[in-house]
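Subject: Structure handover and findings

Dear colleague,

Please find below the structure that I promised to pass on to you. My notes follow it, with the cut-offs set out wherever a term first comes up.

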Amino acid sequence: MANSSTERSAAERRREEIEALLAADDRRDFAFAERGFIATREDPVIPRDSGGVASDLRGYDFLAGPPAETVNPSLWRQAQIITKHGLFQVMEGIYQVRGFDVSSVSFIDAGSGWIVVDPLTGVEQARAAFELATAHLGAKPVLAVIYSHSHTDHYGGVRGIVSPEDVAAGKVQVIAPEGFLKEAVSENIIAGPAMLRRARFQFGGTLPRGPEGEVTSGLGPGIPSGTPSLIAPTLDITRTGQTLTIGDITIEFQLTPETEAPAEMNFYLPAKRAVFMAENANLTMHNLLPARGSLVRNAKGWADYLTEAIRLFAGRSDVMFAAHGIPRFGQGELTAFLRSHRDAYKYLHDQTVRLMNNGLTPAEIAEEIRLPESLSKQWYNRGYYGTMSHNSKAVYQRYLGWYDANPANLWRLPVEEESARYVEAMGGAAAVLARGKEAAAAGDLRWAATLLNHLNFSGSGSAESREELARVYTRLGYEAEAGSWRNIYLNGAQELRAEAQPPRPAPFRPEVLGAATTAMILDVAAVRLNPEKAAGLACTLNIELTDTAQRVVISVANGVLVQEEDVVEADADATIRLTRPEFLMTLFGVVPAATLIASGGIGVEGTGGLYEAVAAAIEAPIGNFNVVVP
Ligand SMILES: [Zn+2]
């Protein structure tokens with residue numbers, strides 16, 4: 001059982017371990033991060049096209065000195081490495097712009113033009129990176145863009161590099177792993193609003209950047225605020241071993257589905273003896289389940305694909321580069337790195353399952369599991385983004401789900417009801433506040449957070465109890481080695497201190513929904529249907545999208561919206577004729593359906609008023625729901 005003295009000694013042990021590691025640091029990672037530096041941007045500000053700032057490269061200048069008291073020194077070291085910015089030569093003919101964005105863009109010289117790999121998150125950052133490369137390496141056309149995987153920081157800036165017109169005209173190939181577009185659109189769409197809200201914690205987007213605020217995401221610099229874009233791939237990679245020649249460069253691909261992303265791939269350049277590891281090998285242990293939320297990833301599959309990559313590529317490579325972090329130089333170095341990094345994921349998976357099969361529950365496994373020292377002393381296996389703690393819970397979740405099999409946890413009271421009873425059982429609000437302060441003063445921060453959180457959710461919280469918890473979260477954030485955990489705690493503290501906000505609808509994002517299939521759009525509509533508003537509504541509608549010649553049937557009954565594509569219902573109550581943009585805008589309440597029906601923009605044949613009633617029952621989710629307060 002933990003008490004304040006064992007908690008404190010655990011914190012001391014963690015600190016001593018990090019101090020010993022720092023003392024023994026051979027600074028190889030710093031040398032790799034600086035190797036091949038050519039130049040950086042003269043103007044540190046990358047402006048956003050719509051006004052304001054997309055990236056400010058001065059944001060991390062504070063890291064130049066020794067670690068601040070308010071930042072874990074291991075995270076400080078990590079942040080110094082991953083925020084180095086500029087154009088770097090990885091080797092002859094391979095260049096990267098790093099530090100302009102959370103991810104890095106790579107430029108491969110294919111003789112008559114560039115192959116551009118993973119064009120960052122925002123159009124502005126990507127354009128700035130390409131301008132920097134052009135200024136120092138000379139102007140060349142872009143022959144191809146490669147998206148290594150389906151996350152937005154690997155394709156969002158594409159229009160800063162190439163135009164959709166050039167892609168449509170066949171001047172530029174856009175290459176991606178099989179399933180890329182579906183995954184890119186779908187991963188964040190159904191659960192998008194909740195994920196976006198939770199992402200604010202993981203990335204600390206509203207925290208000031210600095211020693212008392214955001215110190216990177218742990219994976220790369222913080223998420224910048226550039227303009228996102230997407231151009232659909234023109235060529236899918238469908239199997240490992242597939243090769244492609246662009247200009248005078250031949251590429252061998254390795255598909256790695258369901259690793260860091262549902263659709264992802266590594267590749268090898270035989271002529272360069274260089275391997276690109278996408279986001280499968282990083283300068284940190286990655287997330288099996290990010291705090292923002294996602295489908296849980298496959299730790300075993302991840303390790304297995306790293307094993308395959310070592311077998312396929314390591315023996316033929318002198319250089320490894322990737323979409324985040326730093327390159328590694330030398331066959332021995334990169335092979336040892338890939339093996340050790342693979343072992344970290346394999347150990348995490350295998351030992352979580354072993355403990356799980358011995359009856360340990362997620363919190364117990366997270367407390368017990370630690371990498372062996374031979375792995376944990378490697379900086380790149382440490383948890384700056386994912387951690388052994390929350391990743392082991394993800395492994396458990398993938399196999400067994402949220403329930404720990406204890407009947408007491410099968411049907412627990414919701415947090416507010418439970419908290420009210422705890423506070424009452426512990427002698428009331430004043431007693432809990434006093435115990436929370438005592439725990440905080442003794443350095444028993446996790447228990448202090450539990451006590452004060454119960455108090456704040458009990459209905460008896462106060463400005464004082466919120467401030468006490470904010471201080472506890474701040475101390476937990478300052479101690480955290482993971483950039484992600486630091487952001488989570490500091491964002492929690494910030495929200496505890498903020499004024500209560502009225503609920504706001506989640507932003508409508510036509511640029512994302514517009515790229516989705518009609519079936520996906522209707523899936524989103526279905527999860528936004530309010531059954532109270534749809535009570536008594538029972539109808540079947542044929543929808544004819546006049547601009548795309550597509551037909552769908554939607555039925556609403558029992559508070560459920562059901563869709564069928566490419567069919568027509570002979571007994572439908574009505575047929576609705578409209579364009580796809582009109583369908584999107586009316587279904588999600590941007591324009592009232594009644595307005596377009598009255599103006600004749602939308603045609604209705606059959607019973608009137610039904611489409612308006614369906615649209616009226618679909619409501620926007622709350623974009624700013626409470627997290628740290630009831
Ligand atoms: Zn990424």
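Two strands are said to pair if DSSP finds at least two bridges between them, and the strands (E, at least two residues) and helices (H or I, at least four residues) are themselves DSSP runs, numbered from the N terminus. Please keep in mind that this is a predicted model, in which local features need pLDDT of at least 70 and side-chain atom pairs count only at pLDDT 80 or more, while totals for chains, interfaces and linings use all residues. Residues are numbered from 1 along each chain as its sequence is written, and side-chain values use heavy atoms, with hydrogens and water left out.

With those terms in place, I begin with strand E20. E20 (residues 574-578) pairs with strand E21 (residues 603-606) in the antiparallel sense over 4 bridges, and within that pairing Arg577 has Gly603 of E21 as its bridge partner. The pairing of E20 with E17 is parallel and runs over 5 bridges, with Leu541 set against Ala574 of E20. Because 4 of its 5 residues are buried, E20 is largely enclosed by the rest of the structure; here buried means under 20% relative accessible area, exposed means over 50%, and partly exposed lies in between (1.4 Å probe, protein chains only).

Next comes the open sheet, in which 6 strands follow the order E11-E12-E13-E14-E15-E16 with mixed pairing. Strand E11 (243-246) and E16 stand at its edges with a single partner strand each, so one side of each is left without a neighbour in the sheet. E11 is joined to strand E12 (residues 249-255) by 4 bridges, the two running antiparallel, and Thr245 has Thr250 of E12 as its bridge partner. The loop between strand E13 (265-269) and E14 holds Arg273, which has a positive phi of about 50 degrees although it is not a glycine, and which at 33% relative accessibility counts as partly exposed.

The zinc site may interest you in particular. Which residues coordinate the zinc ion? They are Asp153 (OD), His154 (NE2), Glu279 (OE) and His324 (NE2), at 2.0 to 2.1 Å, where donors are N, O and S atoms within 2.8 Å of the metal (3.2 Å for Na, K and Ca) and where, since water is not among the atoms, sites may look incomplete. The angles among the 4 donor atoms range from 83 to 172 degrees, and the site is irregular; four donors count as tetrahedral if all angles lie between 85 and 135 degrees, four count as square planar and six as octahedral if opposite donors are over 155 degrees apart and all others between 65 and 115, and anything else is irregular. Along the sequence the donor residues are spaced D-H-x124-E-x44-H. Glu279, in the loop between strand E14 (274-276) and helix H8 (299-313), and His324, in the loop between strand E15 (319-321) and strand E16 (328-329), are 45 residues apart, and the pair links distant parts of the chain. Glu279 is buried, with a relative accessible area of 2%, and His324 is buried as well, with a relative accessible area of 2%.

Elsewhere, strand E1 (residues 37-39) and strand E4 (residues 86-91) run antiparallel and are joined by 2 bridges, with Ala39 standing opposite Leu87 in E4. E4 also pairs with strand E5 (residues 94-98), in the antiparallel sense and over 5 bridges, Gly86 having Arg98 of E5 as its bridge partner. The hairpin of E4 and E5 has 2 residues between the strands, and Gly93 there takes a positive phi near 90 degrees.

Finally, Leu513 is found in helix H18 (residues 510-513) and counts as buried at 7% relative accessibility. Its C-alpha atom is separated by 24 Å from that of Arg297, which lies 216 residues apart from Leu513 along the chain.

With best regards
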